[in-house]
Every structure is written in C-alpha cells, then in structure tokens.
Amino acid sequence: MKTLYSKIYDFLRNKYYWFALIRILLGLFFVVASVGKILEPYQDFLYVIQNYEVFPSFLEPVIAFFFPWIEFFLGLFLCVGLWLRPVMYAVLMMLGSFILIVGQAIARQLPINYCGCMGGMFSTDIKEIIRLDIGLFILLLIMVRYFDKFSSFSLDRYFFREKQS
C-alpha cells in the first residue's frame, strides 16, 4: 500500500501533468486578462485601442466590443483543451498582433502609459508588456512544437478516445 507521500511524488514525477498545468495556466492568464475588459464598459477598452493609432476609426468600436470575448473563449478552450491545435494557432496570431501593435507604439514613441492588457486590474509599462508577449509567444511556439505533450488531459483527447471505441 502506497503512502500519501509516495502517491504525491508519483503524481509530480509524471511530466505530462506539468505540460497540462502550463497549458491551463496560460489559458487562465487569457481568461483573467479578458474578464477585466469584459466587466468594464467597452468604451474604456476603446480608448486604449485608440491610443495605439493602428486601426481605422470605424473598426475600433467593433474590436473593443468583440476582442475581449474572443480572448476569453480562446483562453477557456486552451484551459480545457477543446479544439486545442486551432486555438493554439489563434492565440499565436493574437500574441503576434499584440507584439506588432505594441512594438509600433514603442517605435513611434506614442505617449501610452496604460497598456490596457488586463483591463483595469493591472497596468504596466508597454516595454514590459512587449517582453511578456514575446515570452508567451515563445512558450506557445514550444507548445505547438510539442503538441502531443501539451494536449495531455484535454477534452480533445477524451473525445478522440471516445471515437476510437
């Protein structure tokens, strides 16, 4: 009979739990980031989008309204592992666009003090945000490369296994 300590040790030694945990934490990051924007009036996020001076004015309200929901569902699907491969590619595209948008703001030296990344919950300098985005982008590239490991404990695996039986 195994002791509780040995069960915990065996659990932690299984590297696939760690891959799943990384995927879930990354998904939670995007869920939390989007909730701040969803709960605030969309005009707050619209103001942030306008500060970056990238999009035409007729698109800005549409982006301000729909983007937090897209970010929320991508994060949620990343957490539970539903449609995992397309979600990972969508998050890669989202992070790539963040890097380009923030990068152009830094290059143009726009006077942006509030990045708007986490809604009103958290704010930091945009130079810190671009570092974070690049780090998350690299992490997601690794996740795509080693998809089989990061898809462990996902709904995709459950549904795929159900079809095999």
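Q109 is exposed, with a relative accessible area of 67% (exposed means over 50%, buried under 20%, partly exposed in between, with a 1.4 Å probe and protein chains only). The residue is not a glycine, yet Q109 has a positive phi of about 55°. Q109 is found in the loop between α5 (84-107) and α6 (126-145). The model is predicted: local features need pLDDT of at least 70, side-chain atom pairs count only at pLDDT 80 or more, and totals for chains, interfaces and linings use all residues. Residues are numbered from 1 along each chain as its sequence is written, and side-chain values use heavy atoms, with hydrogens and water left out.

E53 also has a positive phi, of about 55°, and is not a glycine. E53 lies in the loop between α3 (42-52) and α4 (60-80). Its relative accessible area is 46%, so E53 is partly exposed. Most residues other than glycine have a negative phi.

The chain has eight helices and zero strands. Helices (H or I, at least four residues) and strands (E, at least two) are DSSP runs, numbered from the N terminus. The C-alpha atoms fill a box of roughly 65 × 35 × 30 Å along the principal axes. Of the 165 residues, 37% are buried. Among contacts (heavy atoms within 4.5 Å) between residues at least 6 apart in sequence, 72% join residues at least 24 apart.

The chain exposes about 10200 Å² (Shrake-Rupley method, 1.4 Å probe; for residues, only the protein chains shown count as cover). Carbon and sulfur atoms supply 69% of this area.
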